[in-house]
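Opened the notebook for a look through one model.

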Amino acid sequence: MQVLKFGGTSVANSANILKVIDIVTKALIKDRTIVVVSALGGTTDLLIDAGNQAAKQDESYLDKLKIFENRHLQVVRELLPVGDQSPVLSLVKKKCNELESIYKAIFLLKELSARSLDGIVSNGELLSSLIISAALESRKTLNVWIDSREVIRTNSNHGIAAPDMALTSESILSFIMDHPADLYIAPGFIASDPEGVTTTLGRGGSDFTASIFAAATNSGLLEIWTDVSGMMTADPRVVSNAKVIPYISYKEAMELSHFGAKVIYPPTIQPLMSKNIPVWIKNTFAPGDYGTLIESNVVEDKNIVRGISSMGKMAFLSLEGSGMVGIPGFSRRLFGALAEKKINVILITQSSSEHSICVAIDDINVKAAKKSIDEEFAIEIETSKVEPLHVETGLSIVALVGDNMKNHPGISGKMFGALGRNSVNIRAIAQGSSEKNISAVISTADVAKAINVLHEEFFETAYKQVNLFIVGLGNVGSRFMEQLRLQQAFLLENMRLQLRIVGIANSRRMLLNENGIDLNFWQEQLLSSENMKLTEFVNFINQKSLRNPIFVDITSNQQVTEIYEKLLRKSVAIVACNKIASSSSYENYKKLKQLAREYNTAYLFETNVGASLPIINTLNDLVRSGDKVHRIEAVLSGTLNFVFNNYNGSVPFAKIVRQAEDEGYAEPDPRIDLCGTDVMRKILILARESGYKMEMEDIESRSFLPESCLAGSVADFYREMETHEAHFKSLFDNAAKNDCKLKFVASLKDGKASVGLQHIGKDHDLYQLYGKDNVVLFYTNRYSQQPLVIKGAGAGADVTASGIFADVIRAARV
């Protein structure tokens, strides 16, 4: 004997039922078969809604009943030949007339009891099974219809009745002996109590019905046909890369189904375990797919974790108080108070100090639970031995499940580390002694991110998804976007990194798309996007809570830097080309660095000092490996180096500065470069990264610009430089007569920093520096005689963009 069960989607309409008939016909070739069917998809909800409306004296219940009737009449007409339709159509009409009478009584009484509701909803399975039985008969496939109410005996706990397994097994075997056949059709979900009153088996009841039949007949196999190709490593609606689990043990399946995996329900498995009857989850709409085989002895695979599941709409109840410590009976009373109200406890955790005990329940039961527990502990609460019950809602449970977890240390650490790096706060943890399950209570808002992060951590060797939010799309930003476009495929293939750009913005517009922005058309899409509002941009980042997020700041905007703290506290990594934050007050600089450490994320700003030159990373490596920086000499402005390398008095100084701006080496306001402020920021950052506590005002600045050049607009600045050409010529001449070059040098020595124009002779390391190149000389304990030298292009949109790109890759690999 074999048992096949078909769910609501599998029998939702005549087209689907034809697929079921085909599957059943092929199954009959192998063995005698019992087929258990659910109600037509969605009709149970129709019947319940109609009952609730009738109890409220809302006459629209008649509309729901009419829809129910018409759906079944349509299926009969589409499935059966005209000559076979009449008795079945009459049966549907009769059942619907009976339902109308029941609803009318409910309407008059204004009451819908659990017993009445069981009687109502049973009609869904009764009609679907009778129609399918008739459809098979019309195709010459003989079968015997079993009224499940006549063979499955339960208690009178309406809505979730418990079967008497011994009596039920006896009844099923007796029926089959008295009615020998190759094929039996039975309605799922329904049963009856000792008085013959209709009961139902609760959520997943049709699966349970099939399991009961399989256990009673010692079947060789139970097949559950649904609309997915088996149990999956995670909910495919949440994780796009979820994979089918080909093999799973009974206990693993029960754990996953307990925590929300809806393909199969826990009671289904229990009757089968003792008899070692395998369960095969199959897809009605893709019958060739392997599906998932559930049995006691599972084929081993490389995955330590078998699957990830979650339950939403949870409430967390915490009973705390010093009066609980060392006093027996508190747990018993707590669970007794919940049991009295028939409230199921889903998760339990207790501190070792016995000061508190916490449980998770369905949030629909919160009011009843709090009232019952507060009443139970009223005396202890009044005497302050116990605090009033604390209730938290808006929570969910995420669970890792796998038999192999008990043999592998570090699974919990890996789980909590992955969640922590993505700012998923864990409210409570529970793990069974069997170590098959590790559960965490988290905010419901974080569930999608948490499941994706865990799936990526434990199942996806293909790639790691990183979500980028980019602000600043000017010259450097546009080049960065193009580099991303060109390199996406390479990173996916060679580094297993999937870089998705989900948010971009300039000063006027912002484009947000949680599914990713097409880098081939981002400029056109940005033009038609919404106005830029930094607060809304940040809210999008926090509310979408996408995994592995990185915020990239390619602006020079003070306001943008003010959101860094908020983002870091959400474990959003920051890659900053913007120097303002790292050169702000020392207190703010340290706070941002500390927040990155505290929230397990990255705060990177390599391009603050030398575009793509690895200056800060090299300095960090020196310090982390125990070296001590005593002195730094550097040319840190590609703009100033370009200007002084190209100025010789033959062409006006203002024209050379204009050329630097035109070629993309200077800021839009070149005074930032020429007055030395930019270089001051850079040496300040290097001093701080070397371990020195320093503020901007601690740096000595020797400006070469006349004061009048700093006033007015950028156009005024250029006019003023032209009037002071003699001043710039004298600077050049004084250096040239000493056979020196002019270099704007930043220095750090013994904790004191300065910037200014210097005469550099031929024997100096800074002399041979051409074009827009930068150079940094580190003098340390290890590099005391000959400095460690880093030299290369220190300005330009492409090299700066590549430096940002390198920081993004580093942040992605944190």
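**Entry 1**

Which residue of strand 4 does Val-37 stand opposite? I looked it up in this predicted model, and the residue across from Val-37 is Pro-187. Strand 4 covers residues 183-187, and its pairing with strand 2 is parallel, over 5 bridges.

A reminder to myself: sheet strands pair through backbone hydrogen bonds, in either the parallel or the antiparallel sense.

**Entry 1: Ser-38**

Next I stepped into the loop between strand 2 (33-37) and helix 2 (43-55), where Ser-38 sits. Buried or exposed, I asked of Ser-38? Its relative accessibility is 9%, so I put Ser-38 down as buried, the cut-off being under 20%.

Leaving out residues up to four places away in sequence, I listed what Ser-38 touches: Lys-5, Phe-6, Gly-7, Gly-8, Val-11, Glu-125, Ser-128 and Ser-206. With Ser-206 there is also a polar contact between the side chains, at 3.2 Å. I checked Ser-101 too: it is 63 residues from Ser-38 along the chain, and their C-alpha atoms are separated by 24 Å.

**Entry 2: two loop asparagines**

I went looking at phi values next. Most residues other than glycine have a negative phi. Asn-218 has a positive one, near 50°. I found Asn-218 in the loop between helix 8 (205-216) and strand 7 (221-226). Its relative accessibility of 52% puts Asn-218 among the exposed residues.

Asn-276 also has a positive phi, about 55°, without being a glycine. I placed Asn-276 in the loop between helix 10 (266-273) and strand 9 (279-283). How much relative accessible area does Asn-276 have? I wrote down 44%, so Asn-276 goes in as partly exposed.

**Entry 3: Ser-637, helix 24 and strand 24**

I moved on to Ser-637, in the loop between strand 24 (629-635) and helix 24. At 1% relative accessibility, Ser-637 is buried. Setting aside neighbours within four places in sequence, I get contacts from Ser-637 to Asp-673, Val-679, Lys-682 and Asn-774.

Why do I call helix 24 largely enclosed by the rest of the structure? Because 7 of its 9 residues are buried.

I found antiparallel pairing with strand 28 (residues 773-780) over 6 bridges, where Ala-634 stands opposite Val-776. Strand 24 also pairs with strand 26 (residues 741-749), again antiparallel, over 4 bridges. There I noted Leu-748 as the bridge partner of Ile-632.

**Entry 4: empty space**

Rolling a probe the size of a water molecule over the atoms shows where empty space is left. How many cavities of 30 Å³ or more are there? I count 1. The largest cavity has a volume of about 150 Å³. I have 15 residues lining it, with Arg-421, Asn-548, Thr-601, Ala-811 and Val-814 nearest its centre. Strand 17 (464-471), strand 21 (549-553) and helix 30 (797-812) each give at least two residues to that lining.

I also looked at the second largest pocket, with about 1100 Å³ of space. Its lining has 45 residues, and nearest the centre I wrote down Ile-554, Thr-555, Ser-556, Glu-667 and Pro-668. Among the elements that each supply at least two lining residues to this pocket are helix 16 (475-494), helix 27 (677-689) and helix 30. Helix 24 (638-646), from my last entry, is one of the elements on that list too.

Definitions and conventions: Residues numbered from 1 in each chain as written. Predicted model: local features only at pLDDT ≥ 70, side-chain atom pairs only at ≥ 80, totals over all residues. Heavy atoms only, no water. Buried < 20%, exposed > 50% of the residue type's maximum accessible area, 1.4 Å probe, protein only. Contact = heavy atoms within 4.5 Å. Polar contact = N/O pair within 3.5 Å; in protein donor to acceptor, adjacent residues only side chain to side chain. Pairing = 2+ DSSP bridges. 1 Å grid on protein atoms, 1.4 Å probe; cavity = no way out; pocket = protein on both sides within 12 Å on 5 of 7 lines; lining within 4 Å. Points joined across faces, edges and corners; volume = space filled by probe spheres on them.
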